[in-house]
Amino acid sequence: MNKSLVFAAALILSTGLAYAQTPTPSQPPDGQAPGRGQRPPQDPRSMGGGNCAQNPYNCKDTANPIPGNPSVFIEEMTWMDVRDALAAGKTTAIITTGGIEPNGPWLVTGKHNYVNRSNCEAIARKLGNALCAPNIAFVPEGTIEPPSSHMTSPGTISLREDTFRALLTDIAHSLKMHGFKNIIFIGDSGGNQEGQRAVAEELNKKFNGAVVVAHVQEYYTYGVVSEAMAKEGIKEGTSDNLHDDPIITLNMFNTDPKSVRYEERVKAGKATINGFDISDRKKAAELAKKIVEFRAQYTVDAIKKSIANKGTLPAPPRTRQQ
């Protein structure tokens with residue numbers, strides 16, 4: 001046999017034997033530090049991103065060292081804030097879904113997300129026992145390739161329906177594991193409704209009474225909002241045929257006037273939508289608050305009915321889409 005082949009074979013054999021004889025790491029005896037490359041056992045009291053044994057602020061029962069954040073948005077709270085809110089009875093979580101889509105020349109692509117910001121806060125505060133989960137900004141907006149529906153417009157971001165439903169499922173399941181007892185889906189876009197309803201019904205069955213999961217479609221009944229706001233003076237004339245109207249514009253205005261290009265429109269003499277003038281800033285602000293107030297109360301009433309029903313209510317009559 002060729003000497004080089006013999007040498008190679010011997011080298012491989014000796015390496016394999018050495019590897020086989022290498023002792024596997026074992027758990028150190030109690031009271032001894034773990035060896036190099038080993039992780040210490042997790043303290044069951046640990047949370048907050050660190051080990052309880054290394055810092056008391058990582059321990060589940062350590063008191064919050066500062067006053068709690070009064071925000072109702074989970075993303076603005078520390079884990080201690082959320083823990084304490086749950087202990088105080090804030091066990092309803094609201095999951096809002098928006099979208100990134102075209103909305104005419106004045107409204108930013110995140111229209112629905114701006115709407116949800118104002119409305120979720122108002123809903124949570126009216127309920128008194130609720131927090132807002134981070135808004136889901138990305139939703140189905142049409143097929144990605146080839147582009148369809150809103151995906152034909154630059155700036156749109158779309159999700160596949162199964163991706164959207166998986167996202168809803170995992171977020172709701174996460175909230176359930178932390179102790180939330182009621183998980184509510186509300187969506188400000190027409191394409192979000194079917195997926196939310198399906199996921200809510202599926203999870204409600206899966207959790208089997210441990211948690212109520214409900215899709216509240218009443219949040220999306222824009223026709224009802226328009227009828228109510230017509231009594232407040234918001235009366236539309238001829239349509240501009242844009243993906244926009246006074247209700248949605250003013251709802252966004254309440255969150256951030258920049259999101260509807262307010263100052264630029266007033267300066268350019270374009271501060272009307274469907275014949276309704278919004279150039280009087282004080283009046284616009286007052287109407288915007290009334291829209292948020294109405295939508296919040298209407299949704300709160302529906303949320304309470306859904307919780308009492310222990311799940312999603314029958315679908316309300318279909319109204320115009322936004």
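A nonpolar core is a set of buried Ala, Val, Leu, Ile, Met, Phe, Trp, Tyr and Cys residues joined through side-chain atoms within 4.5 Å. Good morning. With that term in place, I shall present this structure, which is a predicted model.

I begin with the core. The largest nonpolar core holds 66 residues, and Ile-123, Phe-180 and Leu-250 touch the most other members. Helix α9, residues 281–309, gives the most to this core, namely eight residues. Let us take Leu-250 in more detail. Leaving aside residues up to four places away in sequence, Leu-250 touches Ile-234, Phe-276, Ile-278, Ala-284, Leu-287, Ala-288 and Ile-291.

I turn next to the sheet. Strands of a sheet pair through backbone hydrogen bonds, either parallel or antiparallel. Here, four strands form an open sheet in the order β2-β1-β3-β4, with parallel pairing. At the edges are β2 (130–132) and β4 (212–215), each of which pairs on one side only. From one strand to the next, the twist averages 20°. Strands β1 (residues 92–97) and β3 (residues 182–187) pair over six bridges.

Finally, please consider Asn-113, which lies in helix α3, residues 111–127. Is Asn-113 buried or exposed? Its relative accessible area is 15%; buried means under 20%, so Asn-113 is buried. Its side chain makes a polar contact of 2.8 Å with the side chain of Asn-135. Asn-113 and Ala-137 are 24 residues apart along the chain, yet their C-alpha atoms are separated by 6.2 Å. Thank you.

How values were computed. Residues are numbered from 1 along each chain as its sequence is written. This is a predicted model: local features need pLDDT of at least 70, side-chain atom pairs count only at pLDDT 80 or more; totals for chains, interfaces and linings use all residues. Side-chain values use heavy atoms; hydrogens and water are left out. Buried means under 20% relative accessible area, exposed over 50%, partly exposed in between (1.4 Å probe, protein chains only). Helices (H or I, at least four residues) and strands (E, at least two) are DSSP runs, numbered from the N terminus. Contact means heavy atoms within 4.5 Å. A polar contact is a pair of N or O atoms within 3.5 Å; within protein, one must be able to donate a hydrogen and the other to accept it, and residues adjacent in sequence count only if both atoms are side-chain atoms. Two strands pair if DSSP finds at least two bridges between them. Axes are lines fitted to C-alpha atoms, for helices over the stretch in contact, and angles run from 0 to 180 degrees between N-to-C directions.
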